[in-house]
Amino acid sequence: MTKLSVNINKIATLRNARGGNMPDLISVAKDIEEFGADGITVHPRPDERHIRYADVYALKEVLKTEFNIEGNPNPRFTEMVLEVRPEQVTLVPDAVDAITSNAGWDTKKHKVYLQEMIQTFKEKGIRTSIFVDPDSAMVEGAAETGTDRVELYTEEYAKVYPQDPEKAIKAYADAARTAHSLGLGINAGHDLSLENIAYFKKGISHLQEVSIGHALICEAIYLGLENVVNMYLHRLK
Ligand SMILES: CC(=O)[C@@H](O)[C@H](O)COP(=O)(O)O
Ligand SMILES: NCC(=O)COP(=O)(O)O
């Protein structure tokens, strides 16, 4: 069984668009858990353009499933994660102005830094995961940091999948084999969707968890649209 952690960044994006509290992030997270998801993921960014730091503390109070906090472990992020103590922290090397995550860690170059950060989080009992490209050398570097898991950055898979699924999965299957042989747990995420998730799951053995946000929220809007349009039409009769 692969766990599904729903990334709710986009719910916060929508809420922030009007400055009020609609949709209510906390209620949505609780509902997502009720609907059966295995966890909730958030990725607070320094500009708080979607998830706010205050949201993270509020979520911790109510969540019953696994809480996964993603981000670049700058001092503010690190302090928050250590206070909140989620089940999992996923370290992502995103630049302050990045529109979204766009690369995995160079685990060789940043090995000492990552070792220190991983130890800091693990001392508080927080499971750790390092965001990496599907590159066995980077997975090996991650293993040397002492992390519990890696998260395979799946944007490239999602991009290539529609033209050539076999080509799209190859590097990920190799990287996952390396990770498993080194005793690392395997997570994956970024641009996974209803279209590409089943093939990914089939091709990656020992896939423990996927975190999915952007496509899942788009799909939820689209799949709910006909129903809601009809509910309005009914009220306008
Ligand atoms: C770590 C990762 O893969 C990201 O997909 C992420 O958490 C999404 O962040 P945004 O919602 O800010 O694009
Ligand atoms: N770790 C990936 C994640 O949380 C969600 O990524 P996306 O589905 O929003 O691209």
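**Helices, barrel strands and ligand surroundings**

In helix H2, Ser27, Asp31 and Glu34 are exposed. They lie on the other side of H2 from the buried residues of this helix, which are Leu25, Ala29 and Ile32. Seen down the axis of H2, the buried residues fall within an arc of 60°, so they line one face of the helix. An α-helix has 3.6 residues a turn, so residues three or four places apart point the same way. The helix spans residues 25–34, and the structure described here is a predicted model. The buried residues of H2 pack against strand S1, helix H1 (9–18), strand S2 (39–42) and helix H3 (53–62). Gly36 follows H2 and has a positive phi, near 115°.

Helix H1 also has a buried and an exposed side. Asn9, Ile11, Ala12 and Arg15 are its buried residues. Their directions, viewed down the axis of H1, fall within an arc of 155°, so the buried residues line one face of the helix. Ala17 and Arg18 are exposed on the other side of H1. The cover over the buried residues of H1 includes S1, H2, S2, H3 and H10. Just after H1, Gly19 takes a positive phi of about 75°.

The strands form a closed barrel. Its 8 strands run in the order S1-S2-S3-S4-S5-S6-S7-S8, with parallel pairing. On average, neighbouring strands of this sheet are turned by 25° against each other, direction ignored. Strands of a sheet pair through backbone hydrogen bonds, either parallel or antiparallel.

S1 (residues 3–7) and S8 pair in the parallel sense over 4 bridges. Along this pairing, Leu4 stands opposite Val210 in S8, and Val6 stands opposite Ile212 in S8. The pairing of S7 (residues 185–189) with S8 is likewise parallel and has 4 bridges; there, Ile186 stands opposite Leu207 of S8. S8 is mostly covered, with 5 of its 6 residues buried.

Thr90 has Ser129 in S5 as its bridge partner. S5 comprises residues 127–132 and is mostly covered, since 5 of its 6 residues are buried.

Two ligands are present in the model. Ligand 1 is surrounded by Asn7, Asn9, His43, Arg45, Glu70, Val92, Thr100, Ser101, Phe131, Gly189, His190 and Gly213. By class, this shell divides into 2 nonpolar, 8 polar and 2 charged residues. One of the shell residues, Asn9, is also listed among the buried residues of H1.

Around ligand 2 there are 13 residues, of which Asn7, Gly189, Ser211, Gly213 and His214 come nearest. Two elements give two or more residues to this shell: strand S8 (207–212) and helix H10 (214–235). The shell of ligand 2 divides into 3 nonpolar, 7 polar and 3 charged residues. Asn7, Gly189 and Gly213 are named both in the shell of ligand 1 and among the residues that come nearest in the shell of ligand 2.

Two further residues were examined individually. His180 is found in helix H8 (residues 165–181). It counts as partly exposed because it has 16 C-beta neighbours inside 10 Å, where a residue is buried at 20 or more and exposed at 12 or fewer. Not counting residues up to four places away in sequence, His180 touches Ile186 and His206. His180 and His206 are 26 residues apart along the chain, and their C-alpha atoms are separated by 7.4 Å. Ile186, the other contact of His180, is the residue that stands opposite Leu207 in S8.

Tyr57 has its place in helix H3. It is exposed because 12 other C-beta atoms lie within 10 Å, and 12 or fewer is the limit for an exposed residue. Tyr57 and Val81 are 24 residues apart in sequence, and their C-alpha atoms are 9.3 Å apart in space.

Technical notes. Residues numbered from 1 in each chain as written. Chains lettered and ligands numbered in written order. Predicted model: local features only at pLDDT ≥ 70, side-chain atom pairs only at ≥ 80, totals over all residues. Near = placed C-beta within 6 Å. Nonpolar A, V, L, I, M, F, W, Y, C, P; charged D, E, K, R; others polar. Pairing = 2+ DSSP bridges. Axes fitted to C-alpha atoms, helices over the stretch in contact; angles between N-to-C directions. Arc of directions from axis to C-beta. Contact = placed C-beta atoms within 7 Å.
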